[in-house]
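Hi,

Here is the structure I promised to pass on to you. Have a look at it first, and then read my notes below.

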Amino acid sequence: MTSARTLTLQTPLAEAVDPEIADAATAELGLATVGDLLRHFPFRYEGGAVEDDGTRRSEPRIGDDVVVIGTVTAITPPRAHHRGKKMFKVQVVNKVRAYDVTFFNYLPKPIQPDRQLLLIGRLGEFNGKLQLTHPEWLVLPDTTITSAEALAANEAGSTKAGSKRLKFADLSLLMQPTVPIYHGTKNMPTWLILSLVDSVLKRLAPVPESLPADFLALHALMSLDDAVRAAHKPDGRAQADRARRRLAFDEAVAIETALARRAHDVGIVGAPPLRAPDGPLQAGLRERLPFSLTAGQEDVLAEILDDMGRDHPMTRLLQGEVGSGKTLVALLAMLAAVDAGHQAVLLAPTEVLATQHLLSITAMLGDLAEAGQLGAAEAATTVTLLTGSMTVKQRRAALLRIVTGEAGIVIGTHALLEDTVEFFRLGLVVVDEQHRFGVEQRDRLRRKGTGESTDDDSMPHLLVMTATPIPRTVALAQFGDMATSVLRELPRGRQPIQTSVVPEDREAWVARAWARVDEEVRAGRQVYVVCPRIGDDATGEQAKAGFTDEDYDFEAPATEAKTSGRGASRGEPVADESEKPKTVSAIEMYDQLSSGPLGEHRIALLHGRLPADEKSEIMASFAAGEIDVLVATTVIEVGVDVANATTMVVRDADRFGISQLHQLRGRVGRGGLPGLCLLITATGSERTLERLQKVAETVDGFALAQLDLEYRGFGDILGVDQSGLARRLSFLDLAQDGDVLAAARDLAYEIVGEDPDLERHAALRAMNEVILGGDRGDYLDKA
């Protein structure tokens, strides 16, 4: 160890602990400073069968990674397993429950009856018993062996690298009444993290208070120094809960302060006031619509136009139910920008969606989108598409229309972000499906409204849209710098969608599902069949989320994604990865249907790896009624609108998130006919079946979004790579802590309003840097 000098949160970890272990902590967990280590908080505490209030602790869930401290009560003789492997079973019991622990091919010699063990593994279930398959293990000192004997036993069963780690560990810490449990890795396990934290806390200087005293008193919060220490070494669970709440406030204030500073920066920049409430393009579109806007659409549009008429940039989030008419509202806002003499741009995440937007917008506008052509309306403009797959000739023509201002409305994908794209007079940026773009990508396009091609250095107005309803707490954390508009009312004519779960082992149910598809097609309707992966990958293994910009395949729910690792959630223990259940790919599904029950119908295949012109041709054919059944990946998840599509079949529905399933089924029932969604699944997990059943029973997208948050967590909903935030949150629970975020937001805006750069709030600035990394909250500024 290093010298016993006093430490601060900013002290490099290599100066606080042995450099060899510090290097491992940095490599394995990204911990570079003392603050990083102490921000790596326990995710739960071991010790005692009951909470301080006498209630039983919450049950661990199947598929969770767990840490168990218990005693070996039985070891059964080995028995043969498939492929010639032997299976050893050990029963481990703690004060709450028993676990069957399985090892394949060998049983570590130090694991003996009556010895106390620490086990780290993925929780499964077989024959009604909890099980751990091939967990990591550690022998603990107990009434039968001393710390030295436990250390010797561990070294005997350890690798050379493991023995090196053991010499830095204090195993006696695991015998405390309340033991903190940390997320770790094979090379940086929880017991080693515990030892490092204990060593650092003994030399840590008092942590400066970051929050105002009156705020602490108002919310009955302990000091920051007390909270940091109590989180790692609590005097009982009640104190641990108080520390968690205090530290949750720090995380919330860090997030909201970064957002408040961001909003302040945007607010001091000018923007072109786009005042054209009754312009000819807006009025012309309203005259051509065969229906009237809903009251909700009118209210939201009024909010947007009011913001656009001001001389500072609008930053507004528009969210609503699938099919609630967000695109029409956004189009009227874009027309208002053009009526006011500026350009508007719509950024879409995929070429399929960008092309769909082009087709639907030009269809709605009619002669209003035909400027320069015979028969064009008097106030007509031009709508231009720009995507990465365009030919050089097509691209040059589009770029010319954009830079000269001929194109009043520009629609495109990430190709719009390239340096070669210049606008004549950009006044409004609309981003569709914000969760698929990083903030930096969004702002890069927004900055194209400044520079030589504009009258001044003003910034365009920004409207962000999402068809995935966002829980209030997520919105506060991710979009706290934005005003929010919500569309809940569905346009007249939208029909209810009946959703049913179809277990794949019920052969009669599956047969009936395909019979219903056949019936719909024979009645003149069209059908989507959605699969979680393409199927042309080299390994044939299940695809991960996001092949390319064009094919955002599923983000597997954490509950199901975990069950095929160390052990299946149900059934006999799984010995290796090759035994994982496979999903049905789009290509396999297309082949099966073409040669099977739907072979006489017109079937097509659509996925993101197809050439752009082929994708456009397939979608155009489907929209024109020339295709009966479209087998696709989630490339059709958003924006694709075919009125005659009434039925959707989702294969391996357990591989999709709750909100994603809700959004997918929103593609049907849009043409005045009832919709049907069939969720086919082979899962054996009761919890996953329960999740799917809730999707079937609930049509409220906001309620489902909240449920999705509770099931999968914040990072899985918005994507860790998109926000960088989920990995930084240790105590803030976005499913439960809405009051914490709201209070933090009020405090953050009050502080930033008086001290934008936090010059008079040094401790708060320092704590924010420890929590978020960087002095501006890097998660907000990186894609």
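Let's start with helix α20 (residues 658–665), which lies across β16, β17 (526–530), β20 (645–650) and β21 (675–681) and runs at about 150° to β20. Axes here are lines fitted to C-alpha atoms, for helices over the stretch in contact, with angles from 0 to 180 degrees between N-to-C directions; contact means heavy atoms within 4.5 Å. Helices (H or I, at least four residues) and strands (E, at least two) are DSSP runs, numbered from the N terminus. Helix α21 (residues 686–697) packs on the sheet too, touching β16 and β21, and its direction makes about 160° with that of β16.

Before going on, please note that this is a predicted model: local features need pLDDT of at least 70, side-chain atom pairs count only at pLDDT 80 or more, and totals for chains, interfaces and linings use all residues. Residues are numbered from 1 along each chain as its sequence is written, and side-chain values use heavy atoms, with hydrogens and water left out.

Back to α20: 8 of its 8 residues are buried, so the helix is largely enclosed by the rest of the structure. Buried means under 20% relative accessible area, exposed over 50%, and partly exposed in between (1.4 Å probe, protein chains only). Among the buried ones are L661, H662 and R665.

Now the sheet. It is open, has 6 strands in the order β16-β21-β20-β17-β19-β18, and its pairing is parallel. Two strands pair if DSSP finds at least two bridges between them. The edge strands, β16 (497–503) and β18 (603–606), each pair on one side only. From one strand to the next, the twist averages 20°. β18 pairs with β19 (residues 629–632) in the parallel sense over 4 bridges, and A604 has L630 in β19 as its bridge partner.

Next, the rings. How many aromatic pairs does a search of the whole structure find? There are 3. Rings of Phe, Tyr and Trp (its six-membered ring) pair if their centres lie within 6.5 Å; planes under 30 degrees apart count as stacked, over 60 as edge-to-face and the rest as tilted. One of the pairs is F215 with F249, which is edge-to-face at 5.7 Å centre to centre and 80° between the planes. F215 sits in helix α6 (residues 213–218) and F249 in helix α8 (residues 237–267), 34 residues apart. Y528 and F622 make a tilted pair, with 5.0 Å between centres and 55° between the planes. Y528 lies in β17 and F622 in helix α19 (residues 612–623), so this pair ties together parts 94 residues apart in sequence. Y528 is buried at 1% relative accessible area, and F622 is buried at 0%.

Last, the charges. The structure holds 24 salt bridges, each being a side-chain nitrogen of Lys or Arg within 4 Å of a carboxyl oxygen of Asp or Glu. R246 and D250 meet in one of them (2.7 Å, N to O); they are 4 residues apart in helix α8, about one helical turn. R246 is buried at 0% relative accessibility, and D250 is buried at 3%. R651 and E504 form another salt bridge (3.2 Å, N to O). That pair links the loop between β20 and α20, where R651 sits, to the loop between β16 and α16 (507–522), which holds E504, 147 residues apart. R651 is buried at 6%, while E504 is partly exposed at 31%.

Cheers
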